[in-house]
Amino acid sequence: MRQRAHGGNLAWASALAGCPPSAIVDFSASISPLGPPRSVLAAIESELANLRHYPDPDYRELRLALCHFHQLPLEWILPGNGSAELLTLAGRELAGLAATVLITPAFGDYYRSLSAYNAKVLEFPISLERQGKISTPIHGENSPLFPFPLNPITEKFPTPKLADIPQEATDRGGSPASVYPSKRHGLLLNNPHNPTGKLFSREAILPYLDEFGLVVVDEAFMDFLPACEEQSLIGVVQKYPNLVILRSLTKFYSLPGLRLGYAIAHPDRLQRWQSWRDPWPVNTLAQAAAIAAVSDREFQQQTWAWLPPARKQLFEGLAQITGLQPCKSAANFLLVSSQQSSCKLQEELLKHHQILIRDCLSFRELGDRYFRVAVRLSSENQRLLNAIALVNNL
């Protein structure tokens, strides 16, 4: 059985380890170890009797809960069968532009969604090293914020003839290099960035909303940051009809098996997406789970209290192991540079310790000298650290 590009392939891991899937401690999928919340499990159980009925095709109750959660009008939110389904719809939109800019290394599903519609891709690499300190009123010198890697963005775009620039662009005082070329392009990025965990500031991304024809921001890991630290663009989405925000309930609430995410964008765009897809993409149990999840403030506070010290424990432990260098992260995972083969380490951890880490072979810029690990409970983090130390000493 072949390992797939995504983490969390316990069938493959258990076959290699020679043990049941339940015996594997999974550090490969960046899922919170605290969930699913009890409130979510209770909501699922309460809806079992309704499985004999079709789901609400308009997901009205779910959209109302999400609207209340984000303080947005109902028509600005579209639930989907995981954010992956919505990413596919975004790929169809982006394919209509001249090209789409990706920050690399990039989540593999971005390439899938774009290639499905033959979209052209322009790649901009992100530095894997810290690029100086950034001070903000919220984040001091140890801030997880990183410089945005698209500067200057227009260097890779062809400069058009002045006669080709729309009159309304020059009327606003724009120049050929800054107004026209990138408006014909799309930008697809995630924040925090996967796989590095780097967090871009809201202010760093905002200027590009005026430069690109369509900006799709995947905020799958943003909810791991409390309100005082998060850098979401949800607060400005009503000002920018070219902005799409994708959210996932998979990671934070530990619900990958239910497949539920949602898009936040202009209602005209979401109505178009709805017309493109199959009916009933969100099942009854997923809707009930999502309504309960976003209403569970206690679970949210518990997660925000758990993550920073657990991440610090894992980061510092990895940094003390010879040959490993973890990257600072604002998310619930760490990217780790290794002087040894990550595939070999992955195999040894599975066979001898029933621990699964994520290799980075699907990120061609990283290859066999990087691996990624989720942040888990303190005892599990320590088990991983002890196991890696043992493997390194063999």
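Student: How many of the residues of β3 are buried?
Tutor: In this predicted model, 6 of the 6 residues of β3 are buried, so the strand is mostly covered.

Student: Which residues sit on each side of β3?
Tutor: Ala99, Val101 and Ile103 are on one side. Thr100, Leu102 and Thr104 are on the other. Both faces are covered.

Student: Which strands does β3 pair with, and in what sense?
Tutor: β3 pairs with β6 in the parallel sense, over 4 bridges. β3 and β4 also run parallel, joined by 5 bridges.

Student: What stands opposite Leu102, and what stands opposite Ile103?
Tutor: Leu102 faces Leu188 in β6. Ile103 faces Phe124 in β4.

Student: Zooming out, what is the order of the strands in the sheet?
Tutor: The order is β2-β10-β9-β8-β6-β3-β4. That is 7 strands in an open sheet, with mixed pairing.

Student: Which strands stand at the edges?
Tutor: β2 (77-80) and β4 (121-125) do. Each has a single partner strand, so one side of each is left without a neighbour in the sheet.

Student: How many degrees does the twist average?
Tutor: The average is 20° from one strand to the next.

Student: How do β8 and β9 pair?
Tutor: β8 (residues 214-218) and β9 (residues 243-248) pair in the parallel sense, over 4 bridges. Within that region, Asp218 stands opposite Leu246 in β9.

Student: Which strands does helix α5 touch?
Tutor: Helix α5 (residues 108-115) packs on the sheet and touches β3, β4, β6 and β8. The direction of α5 makes about 170° with that of β3.

Student: And helix α9, what does that touch?
Tutor: Helix α9 (residues 267-276) also packs on the sheet. The strands it touches are β2, β8, β9 and β10. The direction of α9 makes about 30° with that of β2.

Student: New topic. How many salt bridges are there in the whole structure?
Tutor: A search finds 12.

Student: Why would side chains pair up like that?
Tutor: Side chains of opposite charge can pair when their charged atoms come close.

Student: What does Glu85 form a salt bridge with?
Tutor: The partner of Glu85 is Arg277. Their closest N and O atoms are 3.0 Å apart. The pair links distant parts of the chain, 192 residues apart. Glu85 is in helix α4 (residues 82-94), and Arg277 is in the loop between α9 and α10.

Student: Is Glu85 buried or exposed? And Arg277, buried or exposed?
Tutor: Glu85 is buried, at 18% relative accessibility. Arg277 is buried too, with a relative accessible area of 11%. Buried here means under 20%.

Student: What about Arg272, which side chain does that meet?
Tutor: Arg272 meets Glu93 in a salt bridge, with 2.8 Å from N to O. Arg272 lies in helix α9 and Glu93 in helix α4, so the pair ties together parts 179 residues apart in sequence.

Student: How accessible are Arg272 and Glu93?
Tutor: Arg272 is partly exposed, at 33% relative accessibility. Glu93 is buried, at 13% relative accessible area.

Student: Which residues are linked with Glu93 in a network?
Tutor: Arg269 and Arg272 are linked with Glu93 in a network of salt bridges.

Student: What does Arg369 form a salt bridge with?
Tutor: Arg369 pairs with Asp368, and their closest N and O atoms are 3.5 Å apart. Arg369 is partly exposed, with a relative accessible area of 40%. Asp368 is partly exposed as well, at 24%.

Student: Switching to helices. At what angle do α11 and α13 pack?
Tutor: Helix α11 (residues 297-319) and helix α13 (residues 378-392) pack at about 10°, with axes 10 Å apart. That makes α11 roughly parallel to α13.

Student: Which residues meet there?
Tutor: In α11, they include Ala310, Gln313 and Leu314. In α13, Ser378, Asn381 and Leu385 are among them. The contact has 6 nonpolar residues, 5 polar and no charged.

Student: Last one. Where is Ala95?
Tutor: Ala95 is in the loop between α4 and β3. At 23% relative accessibility, Ala95 counts as partly exposed. Leaving aside neighbours within four places in sequence, Ala95 is in contact with Tyr117 and Ala119.

How values were computed. Residues numbered from 1 in each chain as written. Predicted model: local features only at pLDDT ≥ 70, side-chain atom pairs only at ≥ 80, totals over all residues. Heavy atoms only, no water. Pairing = 2+ DSSP bridges. Helix = DSSP H or I, 4+ residues; strand = E, 2+ residues; numbered from the N terminus. Axes fitted to C-alpha atoms, helices over the stretch in contact; angles between N-to-C directions. Contact = heavy atoms within 4.5 Å. Salt bridge = Lys/Arg side-chain N within 4 Å of Asp/Glu carboxyl O. Buried < 20%, exposed > 50% of the residue type's maximum accessible area, 1.4 Å probe, protein only. Parallel < 35°, antiparallel > 145°, perpendicular 65-115°, else oblique. Nonpolar A, V, L, I, M, F, W, Y, C, P; charged D, E, K, R; others polar.
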